[in-house]
Amino acid sequence: MEDLIDGRCGWAGTDPLYVEYHDREWGRPVSDDRTLFEFLVLESAQAGLSWITILRKREGYREAFEGFDVEKVARMDPEKSVERLMQFEGIVRNRLKIRHTIENAQRFIAIRKEYGSFYRYVLSFFGDRSLPVVNHFETLAQLPATSPESDAMSRDMRKRGFRFFGSTICYAFLQATGFVDDHLAGCRCKTNL
């Protein structure tokens, strides 16, 4: 895989959906809880799969999980919803991932009550650092899979009962939602700080 393709991070390749995601979303700062919940659902679903698989099913996830309305997802009946969604081809049909999406929504709400928003909760792992954390990597091989922040956040979320959100998935979440800017040096989307 090339490090840069057409002036963008090479991991996006040439697939139009991937290119659009790279150029318009990945690494752009997100502060609203609905979008943060969407990425928590999608990143958790990705565990063990490729991100393009999840991107291709994104609209299915939107339909299956109430437009990513965390309150509605948290009220879904785990037994009935898992059985119903196991028949829905628009998402990855994995019983544990479906069940834990519902349970993670309940935990997301608990964090929001404790911190005022999930966004503030995520910020708490960065201390006084200015955001986004802008890394300056030249090659894809230099991109880390985790960070001290993703380690701490994932460890805390595990204690709170979240599932399918280890440090690697957490770091991908932080990259996707713009807490960390890992666009390669030379990428047209790189934050200039």
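What is the volume of the largest pocket? The largest pocket has a volume of about 440 Å³. The model is predicted, with local features requiring pLDDT of at least 70 and side-chain atom pairs counted only at pLDDT 80 or more, while totals for chains, interfaces and linings use all residues. Residues are numbered from 1 along each chain as its sequence is written, and side-chain values use heavy atoms, leaving out hydrogens and water.

The pocket is lined by 16 residues, and Trp 26, Gln 46, Trp 51, Ala 172 and Gln 175 lie nearest its centre. Here a pocket is an open set of points on a 1 Å grid over the protein atoms alone, with protein on both sides within 12 Å along at least five of seven lines; a cavity is a set of points where a 1.4 Å probe fits but cannot get out, and lining residues have an atom within 4 Å of a point. Helix α10 (167-176) contributes to this lining, as do α1 (16-24) and α2, each with at least two residues. The most comes from α10, with six residues.

A cavity is also present: the structure holds one of 30 Å³ or more. The largest cavity has a volume of about 70 Å³. Its lining includes Ser 44, Ala 45, Lys 97, Ile 98, Thr 101 and Asn 104. Both α2 (33-46) and α7 supply at least two residues of that lining, and the largest share, five residues, comes from α7.

Helices α2 and α7 also pack against each other. Their axes come within 11 Å and cross at roughly 145°; axes are lines fitted to C-alpha atoms, for helices over the stretch in contact, and angles run from 0 to 180 degrees between N-to-C directions. Contact means heavy atoms within 4.5 Å.

Helix α7 (residues 95-115) has a further partner in helix α6 (residues 78-85), packed at an angle of about 135° with the axes 9 Å apart. The two helices are therefore oblique to each other, a term for angles that are not under 35 degrees (roughly parallel), over 145 (roughly antiparallel) or 65 to 115 (roughly perpendicular). Pro 78, Glu 79, Ser 81, Val 82, Glu 83 and Leu 85 in α6 meet Arg 95, Ile 98, Arg 99 and Ile 102 in α7.

Notes
Helices (H or I, at least four residues) and strands (E, at least two) are DSSP runs, numbered from the N terminus. Grid points are joined across faces, edges and corners, and a volume is the space filled by probe spheres set on the points.
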